[in-house]
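Have the model open and follow along.

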Amino acid sequence: MTDTVSPGAIKRRAFFRSGGIAATGLLFALSAPLPGRGAEPAPAGLREDAAAALKKAATYYHSKVATRGGYNYFYSLDLTGRWGEGVASPSQVFVQPPGTPAVGMAYLKAYEATRDPFYLTAAKDAANALAYGQLKSGGWTQTIDFDPQGSKVALYRNGKGKGRNHSSLDDDQTQAAIQFLARLDKTLAFKDPTVHDAATTALDALLKAQFPNGAFPQGWTGPVAPHPVVKASYPADWPRTWPNEDYWNYYTLNDGLAGTVSDTLLAAIETYEDARYRKALTRLGDFLILAQMPDPQPAWAQQYGYDMHPVWARRFEPPAISGLESEDAIRTLLKVYRLTGDRKYLEPVPKALAYLKKGRLPDGRMARYYELRTNRPLYMNRKGKDYFLTYDDTDLPSHYGWKQPTKVDELEKEYNALASGTPPKKAAPSPAALEKQVRQVLQDLDAQGRWVSTYAGERLVGQPKFENGFRYLDMGVFNRNVELLSDYLAATGPK
């Protein structure tokens, strides 16, 4: 977990709150039209242009940009500079989206749209990179280093690493890898031993990392220790300064963890039809019921101690009610209800929604933190490296999302539809709706098959130190464009 909140992270969080499973290419709707299934005609020549552009771009990125099938976040145009969370060496790739598993899922989506084996090969190469970097503890950390003496090497299952063995659920790292590998495993009819072993080993490890109350830690090195199952409550008091504890071992909801883990378990349920994954998802829902704080703040914190009191995470993440995590908890409960039909997963939602609606700031956003019991919006500021609590929002550090856009109204509509027995159905976008975007993507592709971005001062995931005007390759742009072209080709294929 880094000390920055990037637009990439904000986009991921917006995705968690949106309720979609397909937004970043980490798990896409199983009902997407394939060639020959309900496809619609495309304007003359546009489908052929889209297919050619997709192949040209994928060929360039697969042959020129990849490192042993894996990817970072950003690259200089001459490919000598590469960045993830910081500068990456030539032997390093990233697991965290928009890195390797997100790129692999984009290739897989292209394969499903076209049935061109080239894309399946590219997806398998990404899977092999992930299999190389799978930790002995079963999951993944943020990076993979193919150099056994490299600066980011970890204790890999393949015996070619050393050092840390901490599987991480932070920022969708292990979850993204599992979702991609499971989807690829099914596509390959479970016949590729490397892919199948990596996916099922990771899922086994994930299940062992679930606490008896249904919670997950931010990460693990082995099976978690049991603790008494109790309901969340307010502490009599809480420390106003950071205690510098190993917070990653505690019960965690931070950064959309409930949403990404629930999506991972849903993918496992669909792929393997194993009752263990359904049970794990319902237990996660049970934890969210336990973790809802009592009145006057019937919502959720981002981190809980084993006594189920909100606790500190990082030095600027105090014990508090969290608007972002509360929305993610609600959406996860709605997912569990859709799976089970058990209305107990709906029961916490009305009170939480009413509380969150009242807590919106004057500008319509939600504070990241609300002080325990008083419900005052709570912030952190700093002098040098030292943080201190404040109610003053006039001059906050820029590295963190102290205020967030809220989706509480959309959540309320979704809840009402589910509670009334009329859940909305999400239709795949029509070719006409995609056509304008497709034309823009084709126009933006250069002669080499690259989508080139120009830095203009925006905050990027990983916080690379680019100068204004710097031109670079962004794997998030690649992923989105490949998925868009794939959606269009799937929607306009032969009837």
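Predicted model: local features only at pLDDT ≥ 70, side-chain atom pairs only at ≥ 80, totals over all residues.

## Ground rules

Buried means under 20% relative accessible area, exposed means over 50%, and partly exposed is in between (1.4 Å probe, protein chains only).

Residues are numbered from 1 along each chain as its sequence is written, and side-chain values use heavy atoms, with hydrogens and water left out.

## Salt bridges

Take a salt bridge to be a side-chain nitrogen of Lys or Arg within 4 Å of a carboxyl oxygen of Asp or Glu. The count then comes to 22. One of them pairs the side chains of D263 and K335, at 2.9 Å from N to O. D263 sits in helix α7 (residues 257-272) and K335 in helix α9 (residues 323-340), so this pair ties together parts that are 72 residues apart in sequence. Helices here are DSSP runs of H or I with at least four residues, strands are runs of E with at least two, and both are numbered from the N terminus. K335 is buried, with a relative accessible area of 6%.

R331 and E414 also meet through their side chains in a salt bridge, at 2.3 Å from N to O. R331 belongs to helix α9 and E414 to helix α11 (residues 408-419), so parts 83 residues apart in sequence are tied together. R331 counts as buried at 2% relative accessibility, and E414 counts as buried at 14%. Elsewhere, salt bridges with shared partners join D204, D274 and R276 into one network.

Then there's K351 with D295, a salt bridge of 3.3 Å from N to O. K351 lies in helix α10 (residues 349-358), while D295 is in the loop between α8 (275-291) and β9 (303-304), so the pair links parts 56 residues apart in sequence. K351 is partly exposed, with a relative accessible area of 45%.

## Helix α8

What is the distance between the end C-alpha atoms of α8? They are 24 Å apart, which agrees with the 24 Å that its 17 residues should span; the expected span is 1.5 Å times one less than the number of residues. At the start of α8, a side-chain oxygen of D274 comes within 2.9 Å of the backbone nitrogen of R276.

Buried residues of α8 include Y277, L281, L284, F287 and L288. The buried residues of this helix pack against α6 (193-208), β8 (251-252), α7, β9 and α9, with contact meaning heavy atoms within 4.5 Å.

Most residues other than glycine have a negative phi, and most peptide bonds are trans.

As for phi, D171 has a positive value of about 50° although it is not a glycine. D171 is in the loop between β6 (167-168) and α5 (173-187) and counts as buried at 11% relative accessibility. M308, also not a glycine, has a positive phi near 65°. M308 is in the loop between β9 and β10 (321-322), and is buried, with a relative accessible area of 0%.

Technical notes:
Polar contact = N/O pair within 3.5 Å; in protein donor to acceptor, adjacent residues only side chain to side chain.
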